[in-house]
Amino acid sequence: MKEKGRKNKKYSPEFKIAVIMDMRENHLGYREVTRKYWGLKTERETSKYVNRVIKWERIYLEEGEVGFMTERRGRKSTGRPKKPLSKSVEEDLIAENQRLRMEIEYLKKLDALVRKEEQEKNKKQ
């Protein structure tokens with residue numbers, strides 16, 4: 001489990017390519033690569049890095065070096081694309097927004113005046 005407040009490590013595409021190329025050229029296993037690049041000794045430490053290298057190798061075999069250039073973290077957009085508004089609809093919305101802002105401003109001033117009159121009444125009594 002990730003420690004609280006610790007950021008995930010992001011590896012550069014160049015590093016990923018170097019790890020995979022070294023593994024393939026020198027016929028190294030996953031555990032050997034993790035020991036070489038991360039200097040880990042115990043089985044428990046190496047397991048998460050082994051999984052990372054397996055994933056990197058799969059990406060390399062399926063997509064090549066270009067596969068490391070795309071960001072894979074986070075959720076993908078599942079919603080349908082938004083349609084651009086027509087110019088007249090956009091202008092109507094802007095006008096309505098301005099009108100509503102003016103109305104809110106007017107109501108705030110009216111409320112302030114009513115409260116001021118109530119306070120003056122209460123002071124006279």
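The largest nonpolar core of this predicted model has 14 residues, and I20, W38, V53, W56 and F68 are the ones with the most contacts inside it. Two or more residues of this core come from each of α1, α2 (30-38) and α3. The largest share, five residues, is given by α3.

**Overall build**
- The protein contains four helices and zero strands.
- Its radius of gyration is 31 Å, well over the 14 Å that the globule rule gives for 125 residues, so the protein is more spread out than a compact globule.
- The C-alpha trace spans about 90 × 45 × 20 Å along the principal axes.

**Burial and contacts**
- Of the 125 residues, 18% count as buried.
- Among contacts between residues at least 6 apart in sequence, 44% join residues at least 24 apart.
- Leaving aside residues up to four places away in sequence, F68 touches P13, K16, I17, I20, W56, I59 and Y60. Two of these, I20 and W56, are also named with F68 among the core residues with the most contacts.

**The largest pocket**
- About 730 Å³ of space lies in the largest pocket.
- Its lining is made up of 23 residues, and K9, K10, Y11, R52 and R73 lie nearest the centre.
- The elements that give two or more residues to this lining are α1 (13-25) and α3 (43-63).

Terms used
Residues numbered from 1 in each chain as written. Predicted model: local features only at pLDDT ≥ 70, side-chain atom pairs only at ≥ 80, totals over all residues. Heavy atoms only, no water. 1 Å grid on protein atoms, 1.4 Å probe; cavity = no way out; pocket = protein on both sides within 12 Å on 5 of 7 lines; lining within 4 Å. Points joined across faces, edges and corners; volume = space filled by probe spheres on them. Core = buried A, V, L, I, M, F, W, Y, C linked by side-chain atoms within 4.5 Å. Buried < 20%, exposed > 50% of the residue type's maximum accessible area, 1.4 Å probe, protein only. Contact = heavy atoms within 4.5 Å. Rg over C-alpha atoms; globule rule 2.2 N^0.38 Å.
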